[in-house]
Amino acid sequence: MPKVKTNSGAKKRFALTGSGKIKRKHAFKSHILTKKTKKQKRNLTHSGLVARVDVHEVRDLLAL
């Protein structure tokens, strides 16, 4: 059986934490920032974790 390829878009967007959870960045932080409040931009800076319902799908993309 051939090896499963990692999705190249997913490997740029997700990272594994030490405990095996999948880390992600928030959307809406790349452009059109002038109309967003300082608080909104500050809160989007922090990374988050992939939701429990999406973990299986992301793991498949990362070939884990």
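Q: Skipping neighbours within four places in sequence, what is A10 in contact with?
A: Leaving those neighbours out, A10 is in contact with L61 and L62. Bear in mind that this is a predicted model.

Q: Which residues make up the largest nonpolar core?
A: There are five in all: A10, I22, V50, V58 and L62.

Q: Let's take V50 from that set. Where is V50 placed?
A: V50 is in the loop between strand 3 and helix 3.

Q: Is V50 buried or exposed?
A: V50 has a relative accessible area of 12%, and the cut-off for buried is under 20%, so V50 counts as buried.

Q: And what does V50 touch, not counting residues up to four places away in sequence?
A: V50 touches F14, I22, R24, V55 and V58. Of these, I22 and V58 are also listed in the largest nonpolar core.

Q: OK, zooming out. What pattern does the chain follow along the sequence?
A: It reads α-β-β-α-β-α, which comes to three helices and three strands.

Q: What order do the strands have in the sheet?
A: The order is 1-2-3 in an open sheet, and the pairing is antiparallel. The edge strands are strand 1 (15-16) and strand 3 (48-49), each pairing on one side only.

Q: How many bridges are there between strand 2 and strand 3?
A: Two, with strand 2 covering residues 22-24 and the pair running in the antiparallel sense. K23 stands opposite L49 of strand 3.

Q: What about overall size: what radius of gyration does the chain have?
A: The protein chain has 15 Å, whereas a compact globule of 64 residues would be near 11 Å. Along the principal axes, the C-alpha trace spans about 50 × 25 × 20 Å.

Q: How much of the chain counts as buried?
A: 12% of the 64 residues. The chain exposes about 5800 Å², with carbon and sulfur atoms supplying 56% of that area.

Q: And the contacts: what share join residues at least 24 apart?
A: Taking contacts between residues at least 6 apart in sequence, 54% join residues at least 24 apart.

Q: Where is I32 found?
A: In the loop between strand 2 and helix 2. I32 is partly exposed, with a relative accessible area of 47%.

Q: What about the phi of A63?
A: A63 is not a glycine either, and its phi is positive at about 55 degrees. A63 sits in the segment after helix 3 (55-61) and is partly exposed, at a relative accessible area of 32%.

Q: Last one, K41. Which helix does K41 lie in?
A: Helix 2, residues 38-45. K41 has a relative accessible area of 23%, so K41 is partly exposed.

Q: Which residues is K41 in contact with, leaving aside neighbours within four places?
A: K29, L33 and K36. As for S30, K41 is 11 residues away in sequence and 9.9 Å away in space, C-alpha to C-alpha.

Note on methods. Residues numbered from 1 in each chain as written. Predicted model: local features only at pLDDT ≥ 70, side-chain atom pairs only at ≥ 80, totals over all residues. Heavy atoms only, no water. Helix = DSSP H or I, 4+ residues; strand = E, 2+ residues; numbered from the N terminus. Rg over C-alpha atoms; globule rule 2.2 N^0.38 Å. Buried < 20%, exposed > 50% of the residue type's maximum accessible area, 1.4 Å probe, protein only. Contact = heavy atoms within 4.5 Å. Areas by Shrake-Rupley, 256 points an atom, 1.4 Å probe, with all protein chains shown as cover. Pairing = 2+ DSSP bridges. Core = buried A, V, L, I, M, F, W, Y, C linked by side-chain atoms within 4.5 Å.
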